[in-house]
Amino acid sequence: MTVDDTGSGTGTHPAPRDADDATADHTDDPLALRLEQLILGAERRYTAFQAARTAGVSMELASRFWRAMGFPDIGQAKALTEADVLALRRLAGLVEAGLLSEAMAVQVARSTGQTTARLAEWQIDSFLEGLTEPPEPGMTRTEVTYPLVELLLPELEEFLVYVWRRQLAAATGRVVQVADDEEMVDRRLAVGFADLVGFTRLTRRMEEEELGELVEAFETTAADLVAAHGGRLIKTLGDEVLFAADDPGVAAEISLRLIETMANDETMPELRVGIAFGTVTTRMGDVFGTTVNLASRLTSIAPKDAVLVDQALAEELTRTGEAPSSEAEATAEAERAEKEGTPPTTYRFGLQPMWQRPVRGLGVIEPWLLSRRG
């Protein structure tokens, strides 16, 4: 939203391209302009400086918000609408009221922009592209797109708000149940990575479309399994997914389900999973810290179609009675129960200690091989 030095008086930053280039892409295309007006619900009226002045905010703050949302500088082009002015006014109002700091308001803009940008790209690339195939010979995709968007827009908007409210309610519920204030930011979570084995080799052998379908199938399957069993998908990285769970037992179940499900699909390569349990810093929906790094390292050394967990997660599964402290102890307990005629103790998981090994940046670790017990 940065302008040149002919209007703001607040200091300038050169735009990355010519002042009008950011909007010229669509200005010459009547359909693109009509679609933009349909989606935004308003016509272009303001330059960046005019929008900032109308909203009552400084150009510096307006530019920070605009860039945080993921949009390029627009120079002196008239590219902004009443909705842009209202959004600036709302964010600035939250800062003025003391509900958000300026830094937090920028984070809100950035997190919302990044999330919705990916959603919008997916919808256009996959969803709308398929639906706008001309239904009759002689019709162009252009003739189909506008009425289709006009019909879908209100429904997709309502659904987006519904899902966001659902997710916000779930996230808020998790936070308010935390034991103390410090854990609201630095929380103890089980963090897992699931990684497709030999993906680099696959990229050299498979056609792009076929590879894309494999990645989509993997991400979809992983996302469904993580959600169904009470975890949270943090992000997908093509051949890898990162997930988290408050309960180590939930993370262990998700990991084994992933291995079992992928192993039963002949189209999928082998999978390996690593999980670590400990303090995690959360920022903008992502997770950071030593626990995350450890989970990543465990994944890289895990055998094919196997799950490795760290010492902390193994201890937690033992403490909660979901895994025996050792297979020898479990066998002895079963024998005693049989002699006494009592029901044997049942465990969900088995744990087998692996060789200790040094891991760069993390020292010596003792991984455990996780398995499912009957």
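This is a predicted model: local features need pLDDT of at least 70, side-chain atom pairs count only at pLDDT 80 or more; totals for chains, interfaces and linings use all residues.

Strand β3 (residues 240-245) is mostly covered, with 6 of its 6 residues buried. Buried here means under 20% relative accessible area, while exposed means over 50% and partly exposed is in between, using a 1.4 Å probe and protein chains only.

Residues are numbered from 1 along each chain as its sequence is written, and side-chain values use heavy atoms, with hydrogens and water left out. Helices (H or I, at least four residues) and strands (E, at least two) are DSSP runs, numbered from the N terminus.

Now for the strand pairings. Two strands pair if DSSP finds at least two bridges between them.

| Strands | Sense | Bridges | A facing pair |
|---|---|---|---|
| β2 (residues 232-236) and β3 | antiparallel | 4 bridges | L233 and F243 |
| β7 (residues 349-353) and β10 | antiparallel | 5 bridges | G350 and S371 |

So what happens between β2 and β3? They form a hairpin with 3 residues between the strands, and G238 there takes a positive phi near 80°.

On to the helices. Helix α4 (residues 59-68) packs against helix α5 (residues 82-96) at an angle of about 105°, and their axes are 11 Å apart. The axes are lines fitted to C-alpha atoms, for helices over the stretch in contact, with angles running from 0 to 180 degrees between N-to-C directions. The two helices, α4 and α5, are therefore roughly perpendicular, a label for 65 to 115 degrees (under 35 is roughly parallel, over 145 roughly antiparallel, the rest oblique).

Who touches whom? From α4, A62, F65 and W66 meet D84, L88, L91 and A92 of α5, where contact means heavy atoms within 4.5 Å. The residues of this contact divide into 6 nonpolar, no polar and 1 charged. Ala, Val, Leu, Ile, Met, Phe, Trp, Tyr, Cys and Pro count as nonpolar, Asp, Glu, Lys and Arg as charged, and the others, Gly among them, as polar.

Lastly, E36 sits in helix α2 (residues 30-40). E36 is buried, at a relative accessible area of 18%. Setting aside neighbours within four places in sequence, E36 is in contact with G41 and R44.
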